[in-house]
Amino acid sequence: MQPATAKWYDRRDSVFIEFLVEDSKDVKVNFEKSKFGFSCLSGTDNTKHSNEIDLFGSIDQDESKHKRTDRSVLCCLRKAEPGKSWPRITKDKAKVNWLSVDFNNWKDWEDDSDEDVANYDRFSEMMGNMGGEDDLPDLDGADEESADSDDEKMPDLE
């Protein structure tokens, strides 16, 4: 028996953990308030996998779910306290060798607020109202020096 390799990421209302097991069978997922368990058989040789995590925070075991595909098992652990960030999925800070952060799905959602989105929209609108090329000042003569004289004035950066 060996632990399955897994990746996890945090969202506002849930924590996701994906177990990277191909052709999984007999998948068992156990959601408890502060603990999570996973086991399955995988591959043609029926390798037995078993993982258990003491969770950083509490979850709502009734609202937590999992979905099996041919390549992995994705588990959605619904947070008991939505909106609270989990800096790690494990209760202890110790490194777990089979578990890593899924940076492809990671998002700093704490920094995303409706106010930030509204500010960005207002900024975009303001930039759109600033006018186009016709409003630029006349720069005739600004680039009339030859390229050779520019080379002499520029220090060598190498």
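How many aromatic pairs does the structure hold? I looked this up and found 7 aromatic pairs, where rings of Phe, Tyr and Trp (its six-membered ring) count as a pair if their centres lie within 6.5 Å.

**Entry 1: what I am working with.** I note that this is a predicted model, in which local features need pLDDT of at least 70 and side-chain atom pairs count only at pLDDT 80 or more, while totals for chains, interfaces and linings use all residues. Residues are numbered from 1 along each chain as its sequence is written, and side-chain values use heavy atoms, with hydrogens and water left out.

**Entry 2: aromatic rings.** I remind myself that a pair of aromatic rings is described by the distance of the centres and the angle of the planes. Planes under 30 degrees apart count as stacked, those over 60 as edge-to-face, and the rest as tilted. I looked at F19 and W98 from among the pairs, and their ring centres are 6.5 Å apart with planes at 25°, so this pair is stacked. F19 lies in strand 2 and W98 in the loop between strand 7 and strand 8 (99-101), so the pair ties together parts that are 79 residues apart in sequence; strands here are DSSP runs (E, at least two residues), numbered from the N terminus. Both F19 and W98 are buried, a word that I use for under 20% relative accessible area, with exposed for over 50% and partly exposed for what lies in between (1.4 Å probe, protein chains only).

Next I turned to F56 and W86, whose ring centres are 6.0 Å apart with planes at 55°, so I record the pair as tilted. F56 is partly exposed at 27% relative accessibility, whereas W86 is buried at 3%. I also found one aromatic cluster, formed by F19, F31, F36, F38 and W98.

Entry 3: I traced an open sheet of 3 strands, which has the order 3-4-5 and antiparallel pairing. Strand 3 and strand 5 stand at the edges with a single partner strand each, so one side of each is left without a neighbour in the sheet. Strand 4 and strand 5 pair in the antiparallel sense over 8 bridges, and two strands are said to pair if DSSP finds at least two bridges between them. Within this pairing, L41 has K48 of strand 5 as its bridge partner, and K35 has D54 of strand 5. The hairpin of strand 4 and strand 5 has 4 residues between the strands, and there G43 takes a positive phi near 75°.

**Entry 4: salt bridges.** Which side chain meets K35 in a salt bridge? I found E52, at 3.4 Å from N to O, and K35 lies in strand 4 (residues 35-42) while E52 lies in strand 5 (residues 47-54), 17 residues apart. K35 is partly exposed at 27%, but E52 is exposed at 56%. A search of the whole structure finds 4 salt bridges, each being a side-chain nitrogen of Lys or Arg within 4 Å of a carboxyl oxygen of Asp or Glu. Another of them joins E22 and R71, whose closest N and O atoms are 3.9 Å apart. R68 and D70 also meet in a salt bridge, at 3.7 Å.
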